[in-house]
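Look over the structure first.

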Amino acid sequence: PIVDDPYTFGMIAGANAISDIYAMGGKPLMAIAILGWPIDKIPIEHARAVVSGGRAICGQAGIPLAGGHSIDSPEPIFGLAVTGIVDKKCIKTNSGAKEGDLLFLTKSLGVGILTTAEKKGLLLPEDKSAAADSMLLLNKIGEVLGQKSWVNAITDVTGFGLLGHLLEMCEGSNLSAELDFEKISHLGHNGLWNYIDQGCIPGGTNRNLKSYGEKIETNSQKLLPILADPQTSGGLLVAISPEHLNDIQTIFKENNLDKYVSPIGTMINSQGVSRIKINRP
(Lines give C-alpha, C1' and ligand atoms only; values in the text may rest on other atoms or scores of the structure.)
Protein backbone atom coordinates (compact mmCIF):
# COMPACT_ATOMS: atom_id res chain seq x y z
CA PRO A 1 0.00 0.00 0.00
CA ILE A 2 1.09 3.55 -0.73
CA VAL A 3 0.47 4.49 2.93
CA ASP A 4 0.32 2.44 6.14
CA ASP A 5 -2.83 3.92 7.70
CA PRO A 6 -5.89 2.02 6.39
CA TYR A 7 -8.28 4.97 6.71
CA THR A 8 -5.94 7.20 4.69
CA PHE A 9 -5.44 4.37 2.20
CA GLY A 10 -9.20 4.29 1.62
CA MET A 11 -9.42 8.06 1.21
CA ILE A 12 -6.58 8.16 -1.32
CA ALA A 13 -8.03 5.30 -3.36
CA GLY A 14 -11.37 7.10 -3.41
CA ALA A 15 -9.89 10.44 -4.44
CA ASN A 16 -7.96 8.70 -7.21
CA ALA A 17 -11.14 7.09 -8.57
CA ILE A 18 -13.33 10.18 -8.37
CA SER A 19 -10.67 12.12 -10.27
CA ASP A 20 -11.66 10.36 -13.50
CA ILE A 21 -15.01 12.17 -13.42
CA TYR A 22 -13.43 15.55 -12.73
CA ALA A 23 -10.89 14.98 -15.51
CA MET A 24 -13.75 14.91 -18.04
CA GLY A 25 -15.32 18.09 -16.68
CA GLY A 26 -18.04 16.10 -14.96
CA LYS A 27 -19.88 16.11 -11.66
CA PRO A 28 -19.71 12.87 -9.61
CA LEU A 29 -23.07 11.42 -8.53
CA MET A 30 -22.38 8.19 -6.64
CA ALA A 31 -19.75 5.52 -6.04
CA ILE A 32 -19.68 1.75 -5.55
CA ALA A 33 -16.84 0.21 -3.53
CA ILE A 34 -14.67 -2.70 -4.69
CA LEU A 35 -12.77 -4.39 -1.83
CA GLY A 36 -10.38 -7.32 -1.87
CA TRP A 37 -8.99 -8.37 1.51
CA PRO A 38 -6.64 -11.11 2.79
CA ILE A 39 -8.82 -11.97 5.78
CA ASP A 40 -6.34 -14.58 7.04
CA LYS A 41 -3.45 -12.05 7.09
CA ILE A 42 -4.84 -8.60 7.98
CA PRO A 43 -7.53 -7.95 10.61
CA ILE A 44 -10.97 -7.23 9.20
CA GLU A 45 -11.07 -4.07 11.34
CA HIS A 46 -8.51 -2.57 8.97
CA ALA A 47 -10.77 -3.34 6.03
CA ARG A 48 -13.59 -1.48 7.76
CA ALA A 49 -11.24 1.50 8.22
CA VAL A 50 -10.36 1.44 4.51
CA VAL A 51 -14.03 1.53 3.54
CA SER A 52 -14.66 4.30 6.08
CA GLY A 53 -11.90 6.32 4.43
CA GLY A 54 -13.50 5.79 1.04
CA ARG A 55 -16.86 6.91 2.43
CA ALA A 56 -15.25 10.01 3.95
CA ILE A 57 -13.70 11.16 0.66
CA CYS A 58 -17.03 10.55 -1.07
CA GLY A 59 -18.56 12.84 1.53
CA GLN A 60 -16.06 15.54 0.61
CA ALA A 61 -17.11 15.14 -3.02
CA GLY A 62 -20.76 15.39 -2.00
CA ILE A 63 -21.71 11.88 -3.15
CA PRO A 64 -22.86 8.69 -1.41
CA LEU A 65 -20.88 5.47 -1.22
CA ALA A 66 -23.86 3.38 -2.27
CA GLY A 67 -22.75 -0.18 -1.52
CA GLY A 68 -20.21 -2.37 -3.26
CA HIS A 69 -18.62 -5.79 -3.48
CA SER A 70 -15.95 -7.55 -1.43
CA ILE A 71 -13.89 -10.71 -1.91
CA ASP A 72 -11.13 -12.62 -0.11
CA SER A 73 -7.89 -11.84 -1.96
CA PRO A 74 -4.15 -12.42 -1.42
CA GLU A 75 -3.44 -8.70 -0.95
CA PRO A 76 -5.47 -5.63 0.02
CA ILE A 77 -7.29 -4.00 -2.90
CA PHE A 78 -9.69 -1.08 -2.72
CA GLY A 79 -11.21 1.22 -5.30
CA LEU A 80 -14.41 2.90 -6.38
CA ALA A 81 -16.52 2.64 -9.51
CA VAL A 82 -17.80 6.21 -9.84
CA THR A 83 -20.77 7.45 -11.83
CA GLY A 84 -20.94 11.10 -12.92
CA ILE A 85 -22.85 13.42 -15.20
CA VAL A 86 -21.81 16.06 -17.71
CA ASP A 87 -23.49 18.00 -20.49
CA LYS A 88 -22.35 16.57 -23.84
CA LYS A 89 -21.17 20.02 -24.90
CA CYS A 90 -18.92 20.23 -21.84
CA ILE A 91 -17.17 16.85 -22.01
CA LYS A 92 -13.40 17.30 -21.83
CA THR A 93 -11.04 14.72 -23.30
CA ASN A 94 -7.27 14.40 -23.53
CA SER A 95 -7.38 14.83 -27.32
CA GLY A 96 -8.85 18.30 -27.81
CA ALA A 97 -5.79 20.51 -27.35
CA LYS A 98 -4.98 23.12 -30.00
CA GLU A 99 -1.73 24.62 -31.23
CA GLY A 100 -0.74 27.52 -28.97
CA ASP A 101 -2.69 26.27 -25.95
CA LEU A 102 -1.18 26.97 -22.54
CA LEU A 103 -0.68 24.04 -20.17
CA PHE A 104 -1.41 24.03 -16.44
CA LEU A 105 -0.93 21.37 -13.75
CA THR A 106 -3.02 21.55 -10.58
CA LYS A 107 -0.81 19.53 -8.21
CA SER A 108 2.90 19.23 -7.47
CA LEU A 109 4.88 16.22 -8.69
CA GLY A 110 6.85 13.75 -6.57
CA VAL A 111 4.34 11.39 -4.94
CA GLY A 112 6.19 8.31 -6.20
CA ILE A 113 9.59 9.61 -5.08
CA LEU A 114 8.41 10.52 -1.57
CA THR A 115 6.54 7.26 -0.99
CA THR A 116 9.59 5.33 -2.20
CA ALA A 117 11.77 7.34 0.19
CA GLU A 118 9.41 6.45 3.03
CA LYS A 119 9.57 2.73 2.18
CA LYS A 120 13.38 2.99 2.23
CA GLY A 121 13.36 4.79 5.58
CA LEU A 122 14.90 7.91 4.04
CA LEU A 123 11.97 10.32 4.22
CA LEU A 124 12.75 13.47 6.19
CA PRO A 125 10.37 14.27 9.09
CA GLU A 126 9.34 17.57 7.48
CA ASP A 127 8.14 15.66 4.39
CA LYS A 128 6.22 13.01 6.33
CA SER A 129 2.73 14.05 5.22
CA ALA A 130 3.52 15.84 1.93
CA ALA A 131 2.62 12.97 -0.41
CA ALA A 132 -0.55 11.96 1.45
CA ASP A 133 -1.74 15.56 1.72
CA SER A 134 -1.40 15.93 -2.04
CA MET A 135 -3.11 12.64 -2.85
CA LEU A 136 -6.05 13.48 -0.60
CA LEU A 137 -6.91 16.69 -2.47
CA LEU A 138 -9.92 16.24 -4.73
CA ASN A 139 -9.66 17.60 -8.28
CA LYS A 140 -12.98 19.45 -7.94
CA ILE A 141 -11.62 22.23 -10.16
CA GLY A 142 -12.31 19.90 -13.11
CA GLU A 143 -16.05 20.31 -12.68
CA VAL A 144 -15.62 24.09 -12.88
CA LEU A 145 -13.32 23.93 -15.90
CA GLY A 146 -15.76 21.65 -17.69
CA GLN A 147 -18.11 24.60 -18.04
CA LYS A 148 -15.54 26.70 -19.92
CA SER A 149 -15.49 26.49 -23.71
CA TRP A 150 -11.91 27.80 -23.78
CA VAL A 151 -10.66 24.75 -21.87
CA ASN A 152 -9.75 22.49 -24.78
CA ALA A 153 -8.39 19.38 -23.06
CA ILE A 154 -8.04 17.87 -19.58
CA THR A 155 -6.50 14.68 -18.26
CA ASP A 156 -5.43 13.60 -14.79
CA VAL A 157 -1.77 12.79 -14.18
CA THR A 158 -1.41 9.33 -12.66
CA GLY A 159 0.78 6.28 -13.25
CA PHE A 160 2.42 7.34 -16.52
CA GLY A 161 3.78 10.53 -14.95
CA LEU A 162 3.42 14.04 -16.33
CA LEU A 163 5.37 13.20 -19.49
CA GLY A 164 3.32 10.10 -20.26
CA HIS A 165 -0.05 11.77 -19.86
CA LEU A 166 1.08 14.88 -21.73
CA LEU A 167 2.34 12.67 -24.55
CA GLU A 168 -1.11 11.05 -24.72
CA MET A 169 -2.58 14.53 -25.05
CA CYS A 170 -0.06 15.39 -27.76
CA GLU A 171 -0.72 12.25 -29.78
CA GLY A 172 -4.49 12.53 -29.38
CA SER A 173 -4.40 16.15 -30.53
CA ASN A 174 -1.76 15.60 -33.28
CA LEU A 175 0.54 18.13 -31.60
CA SER A 176 3.79 18.33 -29.63
CA ALA A 177 4.54 20.24 -26.43
CA GLU A 178 7.23 22.34 -24.81
CA LEU A 179 7.60 22.33 -21.02
CA ASP A 180 9.28 24.91 -18.80
CA PHE A 181 10.75 22.80 -16.00
CA GLU A 182 11.24 25.78 -13.68
CA LYS A 183 7.48 26.44 -13.70
CA ILE A 184 6.59 22.89 -12.60
CA SER A 185 5.99 22.58 -8.86
CA HIS A 186 7.22 19.53 -6.97
CA LEU A 187 6.83 18.22 -3.45
CA GLY A 188 9.34 18.11 -0.62
CA HIS A 189 10.39 20.68 1.96
CA ASN A 190 13.76 21.05 0.22
CA GLY A 191 12.72 19.62 -3.12
CA LEU A 192 13.26 16.12 -4.51
CA TRP A 193 16.90 16.12 -5.62
CA ASN A 194 18.23 14.72 -2.33
CA TYR A 195 15.88 11.75 -2.57
CA ILE A 196 16.72 11.14 -6.22
CA ASP A 197 20.44 11.18 -5.38
CA GLN A 198 19.75 8.48 -2.78
CA GLY A 199 18.05 6.25 -5.35
CA CYS A 200 14.46 6.89 -4.29
CA ILE A 201 13.07 6.33 -7.77
CA PRO A 202 10.04 4.03 -8.18
CA GLY A 203 10.31 1.10 -10.57
CA GLY A 204 7.42 2.61 -12.51
CA THR A 205 9.58 5.58 -13.50
CA ASN A 206 12.00 3.41 -15.44
CA ARG A 207 9.13 1.52 -17.08
CA ASN A 208 7.60 4.83 -18.10
CA LEU A 209 10.81 6.08 -19.67
CA LYS A 210 11.35 2.80 -21.52
CA SER A 211 7.84 3.19 -22.91
CA TYR A 212 8.08 6.77 -24.20
CA GLY A 213 11.60 8.07 -23.50
CA GLU A 214 12.56 8.28 -27.18
CA LYS A 215 9.87 10.94 -27.66
CA ILE A 216 11.32 13.26 -25.00
CA GLU A 217 13.91 15.95 -25.80
CA THR A 218 15.97 17.37 -22.92
CA ASN A 219 19.47 18.66 -22.27
CA SER A 220 19.38 17.24 -18.74
CA GLN A 221 18.48 13.61 -18.04
CA LYS A 222 18.42 14.54 -14.35
CA LEU A 223 14.96 16.09 -14.81
CA LEU A 224 13.33 12.88 -16.02
CA PRO A 225 12.86 11.09 -12.65
CA ILE A 226 10.58 13.97 -11.59
CA LEU A 227 8.70 14.40 -14.85
CA ALA A 228 8.15 10.64 -15.35
CA ASP A 229 7.41 9.97 -11.65
CA PRO A 230 4.23 7.83 -11.30
CA GLN A 231 1.55 9.77 -9.45
CA THR A 232 -1.32 8.36 -7.41
CA SER A 233 -4.28 10.75 -7.29
CA GLY A 234 -2.25 13.35 -9.18
CA GLY A 235 -3.40 16.72 -10.44
CA LEU A 236 -5.20 17.75 -13.61
CA LEU A 237 -3.25 18.65 -16.74
CA VAL A 238 -5.23 21.37 -18.51
CA ALA A 239 -4.85 22.92 -21.98
CA ILE A 240 -6.51 26.31 -22.52
CA SER A 241 -6.74 28.94 -25.24
CA PRO A 242 -3.97 31.49 -24.48
CA GLU A 243 -6.28 34.52 -24.59
CA HIS A 244 -7.99 33.19 -21.45
CA LEU A 245 -4.88 33.18 -19.26
CA ASN A 246 -6.37 35.75 -16.87
CA ASP A 247 -9.62 33.79 -16.66
CA ILE A 248 -8.02 30.53 -15.58
CA GLN A 249 -5.75 32.33 -13.13
CA THR A 250 -8.81 33.89 -11.53
CA ILE A 251 -10.52 30.49 -11.28
CA PHE A 252 -7.42 28.91 -9.76
CA LYS A 253 -7.17 31.65 -7.13
CA GLU A 254 -10.86 31.27 -6.29
CA ASN A 255 -10.23 27.55 -5.73
CA ASN A 256 -7.10 27.95 -3.57
CA LEU A 257 -4.75 26.91 -6.37
CA ASP A 258 -2.69 30.11 -6.36
CA LYS A 259 0.51 28.04 -6.44
CA TYR A 260 -0.33 26.76 -9.91
CA VAL A 261 -1.37 29.91 -11.79
CA SER A 262 1.69 29.97 -14.05
CA PRO A 263 1.52 27.92 -17.26
CA ILE A 264 4.04 25.09 -17.35
CA GLY A 265 4.21 24.77 -21.11
CA THR A 266 2.67 25.21 -24.55
CA MET A 267 1.20 22.96 -27.21
CA ILE A 268 3.07 23.35 -30.51
CA ASN A 269 3.01 21.99 -34.07
CA SER A 270 4.03 18.34 -34.12
CA GLN A 271 5.77 18.42 -37.51
CA GLY A 272 4.21 15.01 -38.06
CA VAL A 273 5.60 13.35 -34.89
CA SER A 274 4.35 14.07 -31.37
CA ARG A 275 7.23 14.87 -29.02
CA ILE A 276 7.84 16.76 -25.77
CA LYS A 277 10.70 19.23 -25.44
CA ILE A 278 11.81 20.18 -21.93
CA ASN A 279 13.36 23.61 -21.47
CA ARG A 280 15.51 24.53 -18.48
CA PRO A 281 17.85 27.54 -18.30
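A pocket, on a 1 Å grid over the protein atoms alone, is an open set of points where a 1.4 Å probe fits, with protein on both sides within 12 Å along at least five of seven lines; lining residues have an atom within 4 Å of a point. Grid points are joined across faces, edges and corners, and a volume is the space filled by probe spheres set on the points.

This is a predicted model; local features need pLDDT of at least 70, side-chain atom pairs count only at pLDDT 80 or more, and totals for chains, interfaces and linings use all residues. Residues are numbered from 1 along each chain as its sequence is written, and side-chain values use heavy atoms, without hydrogens and water.

| Pocket | Volume | Lining by class |
|---|---|---|
| Largest pocket | about 390 Å³ | 10 nonpolar, 7 polar, 1 charged |
| Second largest pocket | about 250 Å³ | 5 nonpolar, 5 polar, 2 charged |

Ala, Val, Leu, Ile, Met, Phe, Trp, Tyr, Cys and Pro count as nonpolar, Asp, Glu, Lys and Arg as charged, and the others, Gly among them, as polar.

The largest pocket has 18 lining residues; Pro 1, Ile 2, Lys 119, Gln 231 and Thr 232 lie nearest its centre. Helices H1 and H3 (111-119) each give two or more residues to this lining. H3 gives the most, with 5 residues. Helices here are DSSP runs (H or I, at least four residues), numbered from the N terminus.

Residues lining the second largest pocket include Gln 60, Thr 106, Lys 107 and Leu 257.

H1 (residues 6-22) is largely enclosed by the rest of the structure, because 14 of its 17 residues are buried (under 20% relative accessible area, 1.4 Å probe, protein chains only).

Terms used. Buried < 20%, exposed > 50% of the residue type's maximum accessible area, 1.4 Å probe, protein only.
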